[in-house]
Amino acid sequence: MNSAGSSTRERFLSLLLRHKAGLTIDELSEQLAISRNAVRQHLAALERDGLVAAGGVRRGVGRPSQVYLLTPLGAEQFPRQYSLLSGWILSATKALHGTEGTSLILKQIANGLAEQLAPRIAGGTLAEKAEAVADVLTELGYEAATEQGDSGPAITAINCVYHHLAAEYPEVCELDIRLIEQLTGARVEHTECMVRGGQSCRFRLLGANQESR
């Protein structure tokens, strides 16, 4: 999509975000200063992508008009201040509990998440578990994949979903390490880290981890 199309798409979503009750084609045409046919084309693309859905019918003078609403997925397209809030939480946690206490809390969070996700990983070889965990990490926002080395499988992510947080609070990496350990039952060696200058985050699986049993 060209930049003009992308800009119109963003304006569509922004308008619908502000108008919770939805907007009709005529209202969208007027506020966006584009034709009704252009509105229909954009709506078709947004509905196809699951970002917009037809809502109820608005009745007034003349024929009833279809209203279009932003879907929950559409609302997720807007940036949120999760990173800022997480930074405040980590700062307060570290002030109260220190570095070791913060690491312990992050590991406990990972334990809880692993307990929820465990049914998706159960069974299979270590390499198969690594594949399943990479899929989970991708769903959590990572671009993750696996590779097989002489010493066993590894999981590599070419992005870090909380890079800025980890730069200030390196304890955050404990969450990923613990989560992978709990889900695979393997010891994890964090061999490469983007925060420490690496091109990716790489986790090598080193066999059974008795603590995760």
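**Salt bridges in close-up**

The structure holds 8 salt bridges, a salt bridge being a side-chain nitrogen of Lys or Arg within 4 Å of a carboxyl oxygen of Asp or Glu. This is a predicted model, in which local features need pLDDT of at least 70, side-chain atom pairs count only at pLDDT 80 or more, and totals for chains, interfaces and linings use all residues. Residues are numbered from 1 along each chain as its sequence is written, and side-chain values use heavy atoms, with hydrogens and water left out.

**View 1. Arg 9 and Asp 49 form a salt bridge, 2.9 Å from N to O.** The pair links distant parts of the chain, 40 residues apart: Arg 9 is in helix 1 (residues 3–18), and Asp 49 is in the loop between helix 3 (36–48) and strand 2 (52–58). Helices (H or I, at least four residues) and strands (E, at least two) are DSSP runs, numbered from the N terminus. Arg 48 joins Arg 9 and Asp 49 in a network of salt bridges.

**View 2. Arg 58 and Glu 27 form a salt bridge, with the closest N and O atoms 2.7 Å apart.** Arg 58 belongs to strand 2 and Glu 27 to helix 2 (residues 25–32), so the pair ties together parts that are 31 residues apart in sequence. Arg 58 is partly exposed, at 30% relative accessible area. Buried means under 20% relative accessible area, exposed over 50%, and partly exposed in between (1.4 Å probe, protein chains only).

**View 3. Glu 171 and Lys 94 meet in a salt bridge of 2.8 Å, N to O.** Glu 171 is buried, with a relative accessible area of 6%, whereas Lys 94 is partly exposed at 27%.
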